[in-house]
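Hi,

Here is the structure I said I would pass on. Have a look at it first, and my notes follow below.

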Amino acid sequence: MASKSLVIVESPTKAKTIRKFLPKNFVVEASMGHVRDLPQSAADVPQKYKKEAWARIGVNIEQNFEPLYVVVKGKAKVISSLKEKLKGVDELYLATDEDREGESISWHLIELLRPKVPVKRMVFHEITKGAIQESLQHCREIDKRLVQAQETRRILDRLVGYTLSPLIWKKIAFGLSAGRVQSAGLRLIVQRERERLEFKKASYWDLKAEVEKDGKKFEARLVGVGEKKVASGKDFDEKTGLLLKTSDVLLVDEARAKGLVEAVKSTPWQVTKVEEKMVTARPSPPFITSTLQQEANRKLNLSARDTMRVAQTLYEQGLITYMRTDSPNLSKEALAGSRKAVEQLFGKEFLSDEPRQFSAKSKSAQEAHEAIRPAGEDFVTPAESGLAGKEKALYELIWKRTVASQMADAKKLSMSIRLQAGESIFAASGMKIAFPGFLRAYVEGSDSPDAELEQREVILPELNEGDAVKPVTVEALAHETKPPARFTEASLVQRLEKEGIGRPSTYASIIGTIQERGYVKRQGNALSPTFTGMAVVQLLERHFSELVDYNFTSQMERSLDEIAQGEREWLPYLTNFYLGDKGLLEQVQKKEKKIDPDESRQVDLLDLKDISLRVGRFGAYLVKDGNGGESVRASIPEDLAPADLTEEMLTEILEASEKGPQSLGKDPETGKDIFCLLGRYGPYVQLGEMIPDGPKPKRASVPKGMDYRQLTLPQAQKLLSLPRELGKHPDTGEMIVANNGRFGPYVVHQRDFRSLKKTDDVYTVDLTRALEILAEPKRGRGGAKLIREVGVHPDTEKGIYLYEGKYGVYIKYRSKNIGLPKDTKHETLTLEQALELIEGGSKAKGGKPDNMVKKTVKAKRAAKKKKKSSAAAGADNSTEVDSQN
C-alpha cells in the first residue's frame, strides 16, 4: 500500500493548483495564511502572562527577546483540522512560499502541529508540473536562518511600534503610532511637501512657431536670441524663484517676447543646421517586485497593495512565477519560452541576436532567484488565460514585458533642426521609427504599443542647410515654474527602493499603512501628508532622528539581510538596538519628560507672527494669540494639503473665527439666523446657534466650486432645504430622500444610495424620477453593479454590499473594497463570512454561528467603551477645535 502524504500550503487557490501536479496519495490542505503571531491586543495575551510587564509588547526582553506567540484569531479550527489530517499520513510536506515569510509560516506550523512523521520542505518559484516534480525530488529542511531573520524583523517592528507609539499618544494625540520603515517612508512624503512649501514661483516667456516647407507644417520653439540661450524652467532656483547664478541665459519677459514676435514675422527664416542620427533603444528587464508595482500603478492605476494581491492570485493559479523578488534574471526555460513566443507572434526578425540576460542592481536580492514572468516554458497568452479584469490586465503586463525582453532593439532616426530668423534662433526635432523591435510588444507607460508608436513619430519635411522656410503662425507664450511633484505610488516605490527603505515585499504595506493611519491622503493619484503626519515626522526628526534617517533605515535592512545569510548574530543586534547605551528604550526613557506636548503638537510650516498651527484628536487647527485677551482658534479644512496653505488663507480662516458666526439673514419659516461657518470638513451653513446641551442645529456643506465668502441668504436656504423627503416607496412604504453627500447628490431608500445623473437637480428631483433611478441596476464607482445587500454590520449598523465590478465580485463596506476568495461563491455568502473578511481579511471559510457573532460584537462594544474611558483618563488633555458637524 502506497504511503500517504500531507502537503500544507497557505491558501485554497494554491492548494487547488498544486493538487493537479501531485500523486493521488498526496492530500493538500491550506493553513489560510499565518497561523501564529505576536498578540495584537491585551485580550490575546494568555492569562498566565497578563501580569507580566513585558506582555504588553509580546516580547520578553529580559529573556533574550523571547517572543510570545499566540494562535491567530480564527485559526484554532484550521490547526485542529490539520492535526486531524496529520494523524493518517506517513509524511508531511510544507510547501509555503519560498521567502522569509513563507519559511516562517512553515516553522510555526511545525511548532503547533508537532508532527511525529518525517517533515520535508518543498520549495518552488512557480506552480507548474515540472517545478512541483523537481521540488519533490529536492526537498530540504526548514532554513532556520530565514526563520530567525523573519522573527528578528517582527520583534524589531514590535519594539519600535510599541515603545514609540505611547509616547506619541501623550505628546501629540491619542491613537497615533510610529513604525520602523513606515516612518522613514512617511518622511519622504513630508520632505517633498516641505520642498513645495519652500518653492518660489518664477515666470518666463518664449515663442512657439508653426513653420512650413513644401506644404508640410511642423513646430519650432525659440531657444536663443543672438549669442544667448533663452531661459527655461530648469534655469531657476526653486527656493528663490531667481535665475541660478550658474545659468548664463537670457530671461525673456512679456514685452521682449511680443517684440520678438513682431520682429520674426517680417524677417526671412532659414535652416542653419540639420543633424540626423540613428538611436538604439533596448528593452527593459523583466519585472521584479518594485518595477511591477510602479508600472501597474502607471498603466493600470493599481495600488501597490492591489498589485501584490492580484499577482499572488496569478501565482497561486500557476500562471506566473513567484511575485516577491528583486532579481530580473531569467532561467533557461524562461528564455526559451520568451523567444518561442516572439518567433511565433512577431517573426524571427523581431528576435534579439542572442538571448538577453539581466542581473540584479541590488546586492541584497535575496527573496527569489528569478524575475516575475509567465510560468513554464510554453507561455500561456493573455487571450488563452481565461482571465478577466485586473487579473488579465496584470498578467498581460507581465507577459508583454517578459516577451519584449527577448526582442530586437528598436531603431529610431532622430532629426534635430536649427532655424534662424534675424537674431532669434528656433529649434525643431523629429523622430521616425526605422525598426520597432521590442516596441511592437511593449512600450513602458503605454497600453497600446501600436498607438504609442504612432504618437512617438514626429515626421519633419526634408530639410537641408540653407533652405528657406515660412512661418505660418508665431505666438508668445507665458510659463511658470512648477513645484516638485508630489509622490505617486509608482514614484514612491522607486524612491523607497533607491534609498533602501524596506524590501520589495514590504513596499505595499508601507504605502497602505501610512494612508490607513491618516498620515497621508490621496489627491488624485498624488500622495500628500496630512498635518498629523507632518507632526509625527517632526517629533521623530527632533528627538529620534536615527529612526527616520534614510541611511540608518537602509543599514538596518542590510543587517537583517546579514542575519538571514548567517553573517550576523540576531541577539547581539537586537540587544544593542533596544537595550544598548544609545538604544531605543534608553532614548525614550531619557527624552520622554523633556519632550514638550505643546511644542510637539505645533507644526512648523509658514513663518507667521502670533499664529501657530497645531494638531489634535480632531485634526489640524489654528491658534492666534490674543493681545492680552483670549486666543482665537479655528479648524483647518481636512481637504487642504499643507503646501497649498497660504498666509492669506490662514488669515481668512482666523478672521472668520474671530468675528464669530455672521448671520446671512433669518430663515422665514423658523425665524432663526442662518450662519456660514468654516470647520474641519470645509465651509458649511447652519440654521440657528449652537446651544449647550441643546439639539444639534441643522447643517449643510457648501459644495466645492461655490465660494462661501459670496454666499447669499437664498443660496444658504437652498442648501439647508436638504435632505428632502420625496415620498414613500410604493413597494415598501419607506421614505425616499434626496441629499448631497461626499461623492455628490443622491437619492436613498433603505440604505440603497444612488447617485443622481448630471441632468438631475437634487433640489427639484421628484418621487417619479427617484423611483426610476432606484429601479436601475445599481452601479458603484467605476461602473460596478450591485448584486445584493449582505446585511448590516452589527457593530456600526452600516450596510455591507456585494458588487460585481470589471475586476470581479467584491464586498463593499464603508470605504473598504474586499475581493472574495476564489473558492467562495457570492451567491451563498453569509453575513458571518462577510464579517470575517472585513475584520481580518481571512478567507471566508465556515463562519461563526449567529449567536457567536452577536456575542463577539457585544464584547467588542464593551471593550471599546472601556478603552475610551481609560483613554480619557490617561491621555494628555489638549484643547482643540471641533467646530464642524
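Let's start with strand 25 (residues 673–679) and strand 26, which pair in the antiparallel sense over six bridges. Strands here are DSSP E runs of at least two residues, helices are H or I runs of at least four, and both are numbered from the N terminus; two strands pair if DSSP finds at least two bridges between them. Before going on: this is a predicted model, where local features need pLDDT of at least 70, side-chain atom pairs count only at pLDDT 80 or more, and totals for chains, interfaces and linings use all residues. Residues are numbered from 1 along each chain as its sequence is written, and side-chain values use heavy atoms, with hydrogens and water left out.

Back to that pair: strands 25 and 26 make a hairpin with two residues between them, and G679 has G682 in strand 26 as its bridge partner. On strand 26 (residues 682–687), six of six residues are buried, buried being under 20% relative accessible area (1.4 Å probe, protein chains only).

Next, an open sheet of four strands in the order 20-21-22-23, with antiparallel pairing. Strand 20 (602–603) and strand 23 (632–635) are at the edges with a single partner strand each, so one side of each has no neighbour in the sheet. Strand 21 (residues 611–616) and strand 22 (residues 619–624) are joined by six bridges, and G616 sits opposite G619. Helix 20 (residues 647–659) lies across strands 21, 22 and 23, at about 115° to strand 23. Axes are lines fitted to C-alpha atoms, for helices over the stretch in contact, and angles run from 0 to 180 degrees between N-to-C directions.

Then the helices. Helix 2 (residues 76–86) packs on helix 3 (residues 100–113) at about 75°, axes 10 Å apart, so the two are roughly perpendicular (65 to 115 degrees). I79, L82, K83 and L86 in helix 2 meet L109, L112 and L113 in helix 3, contact meaning heavy atoms within 4.5 Å.

Last one: is T152 buried or exposed? T152, in helix 5 (residues 144–171), is buried, with a relative accessible area of 0%. Its side chain reaches the backbone oxygen of Q148 at 2.7 Å. Leaving aside residues up to four places away in sequence, T152 touches L560, I563, W570 and L574.

Cheers

Conventions:
Parallel < 35°, antiparallel > 145°, perpendicular 65-115°, else oblique. Buried < 20%, exposed > 50% of the residue type's maximum accessible area, 1.4 Å probe, protein only. Polar contact = N/O pair within 3.5 Å; in protein donor to acceptor, adjacent residues only side chain to side chain.
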